[in-house]
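Q: I have a model on my screen and want to learn to read it. Can we go through it feature by feature?

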Amino acid sequence: MVNPHRGEVALEIDGECRVLKLTLGALAELEAELREDTLIALVERFENGACSSRDVLALIVAGLRGGGAAVEARDLLTAEITGGPLAAARAAATLLARAFLVPGEG
């Protein structure tokens, strides 16, 4: 079961409901992968719509890792995401928003 108050997001990948979460470690990996120096720059990149499908994939991978899965981006290259790229982008945006949600404000 997904707990949005813990920053978790569900995404169905290859017919399996997976839990994504951005831990501090996952965020650090994401910053390095996307070559951003700060968390603010990372968030602004997505808020401004300046993200690519590679960025969405990196965010999904970071979320899966934060949720406990040992995955690499290459593991998702042929994965079937229910709802397609749009569902993946929505999940990525929700994941990023929940990572910075202050308890009690959501």
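A: Start with one side chain. Arg98 lies in helix α4. Helices (H or I, at least four residues) and strands (E, at least two) are DSSP runs, numbered from the N terminus. This is a predicted model, where local features need pLDDT of at least 70, side-chain atom pairs count only at pLDDT 80 or more, and totals for chains, interfaces and linings use all residues. Residues are numbered from 1 along each chain as its sequence is written, and side-chain values use heavy atoms, with hydrogens and water left out.

Q: Is Arg98 buried, exposed or partly exposed?

A: Read the relative accessible area. Buried means under 20%, exposed means over 50%, and partly exposed is in between (1.4 Å probe, protein chains only). Arg98 has 27%, so Arg98 is partly exposed.

Q: Which residues is Arg98 in contact with, leaving aside neighbours within four places in sequence?

A: Contact means heavy atoms within 4.5 Å. By that rule, Arg98 is in contact with Pro4, Gly7, Glu8 and Val9. Now take a C-alpha separation. Arg98 and Ala26 are 72 residues apart along the chain, and their C-alpha atoms are separated by 14 Å.

Q: How do I read the packing of two helices?

A: Two packed helices are described by the angle between their axes and the distance between the axes. Axes are lines fitted to C-alpha atoms, for helices over the stretch in contact, and angles run from 0 to 180 degrees between N-to-C directions. Take α3 and α4. Their axes come within 9 Å and cross at roughly 60°.

Q: What is the orientation of α3 and α4 to each other?

A: Use the angle classes. Under 35 degrees counts as roughly parallel, over 145 as roughly antiparallel, 65 to 115 as roughly perpendicular and the rest as oblique. α3 and α4 are therefore oblique to each other. Then read the hand. A crossing is left-handed if the near helix is turned anticlockwise from the far one by less than a right angle, and right-handed if clockwise. α3 passes α4 in a left-handed crossing.

Q: Which residues of α3 and α4 meet?

A: From α3 come Val56, Leu59, Ile60 and Gly63; from α4 come Ala88, Ala89, Ala91, Ala92, Leu95 and Leu96. Sort them by class. Ala, Val, Leu, Ile, Met, Phe, Trp, Tyr, Cys and Pro count as nonpolar, Asp, Glu, Lys and Arg as charged, and the others, Gly among them, as polar. This contact has 9 nonpolar, 1 polar and no charged residues.

Q: At what angle do the axes of α1 and α3 cross?

A: At roughly 155°, with the axes of α1 (residues 24-34) and α3 (residues 53-66) coming within 9 Å. α1 and α3 are therefore roughly antiparallel to each other. Their crossing is right-handed. Ala26, Glu29, Leu30, Glu33 and Leu34 of α1 make the contact with Arg54, Asp55, Ala58, Leu59, Ala62, Arg65 and Gly66 of α3. By class, the α1 and α3 contact has 6 nonpolar, 1 polar and 5 charged residues.

Q: How many residues has the largest nonpolar core?

A: A nonpolar core is a set of buried Ala, Val, Leu, Ile, Met, Phe, Trp, Tyr and Cys residues joined through side-chain atoms within 4.5 Å. The largest one here has 29 residues, and Leu22, Leu59, Ile60 and Leu64 have the most contacts inside it. Two or more residues come from each of β1 (9-13), α1, α2 (39-47), α3 and α4 (84-99). α3 gives the most, with 7 residues.

Q: Is Leu42 buried or exposed?

A: Leu42 lies in helix α2. Leu42 counts as buried because its relative accessibility is 0%. Not counting residues up to four places away in sequence, Leu42 touches Leu27, Leu30, Glu31, Leu34, Glu36 and Leu96. Leu42 and Leu30 are 12 residues apart in sequence and 8.6 Å apart in space, C-alpha to C-alpha.

Q: What should I look for in the backbone?

A: Check phi. Most residues other than glycine have a negative phi, and most peptide bonds are trans. Asp14, in the loop between β1 and β2 (16-20), has a positive phi near 50°. Arg35, in the loop between α1 and α2, has a positive phi of about 55°. Asp14 is exposed at 52% relative accessible area, and Arg35 is exposed at 70%.
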